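Biologist: I would like to learn how to read a model like this one, feature by feature. Could we start with a pair of strands and work outwards?

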Amino acid sequence: MNITETIKKAISTEILWSNSEFYGFIECLEKGNLKIDFSKEDDEMWAQVTFKNAIIAYVWKKSPLVFIRTDHFKSMGILVEKEFSYIQIIVIDDLNANILSLDPDKSLTDRIRFVFDSKLFSANDFWFYNLT
């Protein structure tokens, strides 16, 4: 699944995401009985969303982008549609599956680290190599 255009849309969204909207989105998720793992002190760029001790989503602080497991999309999708419609969502069955790809693009290389194989990687790889 090529996610180049989705990433570009998230990056080009004109909203104060990392300064305020990101935290509002995280608060909404916490109200929905989801656990959020995010450290402001460590200058992390991602929040991990867990449900019953399993990671179900990653939320990028730099831009309004969420990787979410298919089996949890419906509940989070409703929140996004109602209050955060500008968030770009990538829905996948398994956050560890190497099914994602990115095209070479200068506008992306300035914003993300391509330490992983851009032709085949997982959401977990994207999260890990762009953690800070």
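**Reading strands, loops and contacts**

Modeller: Gladly. A57 has I68 as its bridge partner in β4. This is a predicted model, so local features need pLDDT of at least 70 and side-chain atom pairs count only at pLDDT 80 or more, while totals for chains, interfaces and linings use all residues. Residues are numbered from 1 along each chain as its sequence is written, and side-chain values use heavy atoms, with hydrogens and water left out.

Biologist: In what sense do β3 and strand β4 pair, and over how many bridges?

Modeller: Two strands pair if DSSP finds at least two bridges between them. Here β3 and β4 (residues 65-69) run antiparallel, with 4 bridges. They make a hairpin, and 4 residues lie between the strands.

Biologist: Which sense of pairing links strand β2 and β3?

Modeller: Antiparallel again: β2 (residues 46-51) is joined to β3 by 6 bridges. Within this pairing, V59 of β3 is the bridge partner of A47.

Biologist: How much of strand β3 is buried?

Modeller: Buried means under 20% relative accessible area, exposed means over 50%, and partly exposed is in between (1.4 Å probe, protein chains only). In β3 (residues 54-60), 5 of the 7 residues are buried, so the strand is largely enclosed by the rest of the structure.

Biologist: I see I55 in strand β3. Where does its relative accessibility of 31% place I55?

Modeller: I55 counts as partly exposed at that 31%. For its surroundings we look at contacts, meaning heavy atoms within 4.5 Å. Beyond four places in sequence, I55 has contacts with Q48, V49, T50, R69 and L95. For a sense of distance, the C-alpha atoms of I55 and I11 lie 24 Å apart, and 44 residues separate the two in sequence.

Biologist: Now the turn. What is the phi of K52 in the hairpin of β2 and β3?

Modeller: K52 is not a glycine, yet its phi is positive, about 55 degrees. The β2–β3 hairpin has 2 residues between its strands, and K52 sits in that loop. With a relative accessible area of 71%, K52 is exposed.

Biologist: And what is the phi of N53?

Modeller: N53 also takes a positive value, near 65 degrees, and is a residue other than glycine. N53 belongs to the loop between β2 and β3 and counts as exposed, at 82% relative accessibility.

Biologist: Let me move to a helix. Is I26 buried or exposed?

Modeller: I26, in helix α2 (residues 17-31), is buried, with 8% relative accessibility. Outside the four places on either side in sequence, I26 contacts I36, A47 and V59. From I26 to E44, 18 residues along the chain, the C-alpha separation is 14 Å.

Biologist: Where is S101 placed?

Modeller: S101 is in the loop between β5 (88-92) and α4 (106-109). Not counting residues up to four places away in sequence, S101 touches M1, N2, I3, T4, S118, K119 and F121.

Biologist: Stepping back, how many helices and strands are there?

Modeller: Helices (H or I, at least four residues) and strands (E, at least two) are DSSP runs numbered from the N terminus. The protein has 5 helices and 5 strands, in the sequence order α-α-β-β-β-β-α-β-α-α. Its radius of gyration is 14 Å, close to the 14 Å from the globule rule for 132 residues, so the protein is as compact as a globular protein of that length. That radius is taken over C-alpha atoms, and the rule is 2.2 Å times the number of residues to the power 0.38.

Biologist: What share of the residues is buried?

Modeller: Of the 132 residues, 45% are buried. As for contacts between residues at least 6 apart in sequence, 50% join residues at least 24 apart. Finally, along the principal axes the C-alpha atoms fill a box of roughly 40 × 30 × 30 Å.
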